[in-house]
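The sequence and structure follow.

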Amino acid sequence: MKFHRYIVANGPLTDGDIFYTCGALLIENRVIIDMGSYEPLRKKWPDTPVIDVAGRLIVPGFTNFHHHLYSSLATGLQPLGETSTFTGILQNLWWPLDFVLDEESIYYSALYGIMRSIQAGVTSIFDHHSSLGHVKGSLNTISAAFRESGIRGVLCYEMTERGGRDFIMKQLDENLSFWREHKKDTKLQGMLGLHANFTLSEETLHLVKKEKPSYLPIHIHCGESQDDLLFCQNLGYEGPIHRLAALGLLSCDSFLVHCLHLSDYDYAILKDFSPWVITTPESNANNRVGNMDRQKISKFLIGTDGLSDDILSSYRNYVITATHSPEPFEKIEALIWKWPRLVRERYWGFQGVFAIGEPADVAVLDYRPVTTINKNNIIAHLIYGAEQGKAFLSVCDGKILWKDENFFLLDQEEIFQKAKQVASRLHNRFIRESRKESFPWSK
């Protein structure tokens with residue numbers, strides 16, 4: 001389905017500012033060229049093909065602000081040991097997995113995860129990658145999956161010393177080369193990825209500071225567990241954020257993921273620098289690492305941390321797990337609408353709103369409200385009505401990626417069958433390498 005010009009219409013339409021009970025978007029050559037109520041717009045453009053969404057909810061495409069696409073083929077892997085602690089989860093599942101990834105499994109992990117994201121109305125992903133057994137070129141392998149699928153991305157390689165210092169320059173070069181190659185790219189950008197404070201030495205962070213352009217932001221797990229906080233305090237810092245600031249790595253564009261275990265001084269630095277905190281409520285619960293202090297951190301974004309591809313489910317989890325009092329709707333509105341616009345503007349030069357001239361990134365959720373819907377209760381419909389982000393239609397940059405259970409740029413069945421084969425080889429390699437006891441951090 002390749003239209004030069006088409007209309008998405010006949011459902012509640014909102015971007016958090018505008019609202020039409022029965023709205024329509026006219027899309028042509030990537031951008032929105034007209035919008036409004038359905039009937040007047042339809043009369044204005046009588047010969048234009050219409051995608052009738054039959055009362056479904058029309059919103060801007062979602063962004064997942066922290067994903068690990070390399071985990072997409074991991075379901076069902078038997079951990080190598082205990083997973084009752086956070087360290088055990090890392091050492092016995094995720095670190096061995098990323099050590100045995102090869103180019104094929106990196107590509108199909110990314111492509112399969114992107115497919116599932118598109119099915120959930122996601123049109124852009126910030127990915128935090130690791131593959132210690134295959135570092136060089138890994139981000140370009142992932143970018144090929146983004147190109148094929150048609151969505152936007154910001155990629156980085158999470159630098160770590162868990163494989164030994166021999167890997168450090170390879171990981172740094174992978175980050176910097178990808179970033180340089182894509183600085184002017186309209187759909188793919190780069191960041192400087194760091195795993196976490198507790199797997200990075202002073203020497204490595206000084207090297208990163210020396211080699212990294214000052215305006216290239218970092219993307220790091222920060223204070224995810226008590227281990228991260230204690231590691232930094234043992235080095236003489238007040239906490240993980242203090243360490244990053246003291247070493248000159250923190251800026252207003254930094255992505256600090258989790259921020260659960262912080263010192264009072266860390267919280268004070270957050271207020272001064274105002275970096276982006278990315279909270280991952282479902283992953284935090286799954287790993288039993290705690291909850292972000294919602295009273296001390298007021299500006300943040302949502303990611304899935306590789307646990308799923310459904311960002312709307314993470315929004316819902318965040319809202320329903322408020323412990324002290326119900327989450328104010330104005331705060332949820334900022335989380336869903338306002339704050340993501342600022343980041344999209346930084347990386348892609350547009351906010352992701354419904355306005356004439358804006359690139360058309362659209363998600364039509366497979367949810368048809370039967371109760372009253374208006375601008376004041378749209379958040380309730382998103383969180384409690386749609387519940388999970390199953391999409392009827394996903395559009396990125398004006399291209400229809402997914403409609404009514406069908407992909408338009410991808411062969412779903414072919415990729416599914418190929419991913420099954422690749423996953424089988426990956427799982428066998430995971431088991432084979434674990435028997436050799438050859439993982440560096442286990443020695």
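**Cysteines**

I counted zero disulfides, taking a disulfide as a pair of cysteine sulfur atoms within 2.5 Å. C156 is in no disulfide, and its nearest cysteine sulfur, that of C222, is 14 Å away. C259 is likewise in no disulfide; the nearest cysteine sulfur, that of C222, is 4.7 Å away. C259 is buried at 0% relative accessible area, where buried means under 20%, exposed over 50% and partly exposed in between (1.4 Å probe, protein chains only).

**Basis**

I note that this is a predicted model, in which local features need pLDDT of at least 70, side-chain atom pairs count only at pLDDT 80 or more, and totals for chains, interfaces and linings use all residues. Residues are numbered from 1 along each chain as its sequence is written, and side-chain values use heavy atoms, with hydrogens and water left out.

**Salt bridges**

I searched the whole structure and found 23 salt bridges, each a side-chain nitrogen of Lys or Arg within 4 Å of a carboxyl oxygen of Asp or Glu. E104 pairs with K418, the closest N and O atoms being 3.6 Å apart.

I then examined D361, which forms a salt bridge with R152 at 2.9 Å between the closest N and O atoms. D361 lies in the loop between α12 and β15 and R152 in strand β8, so the pair ties together parts that are 209 residues apart in sequence. Both D361 and R152 are buried. Salt bridges that share partners join R30, R152, D361 and D397 into one network.

Technical notes:
Helix = DSSP H or I, 4+ residues; strand = E, 2+ residues; numbered from the N terminus.
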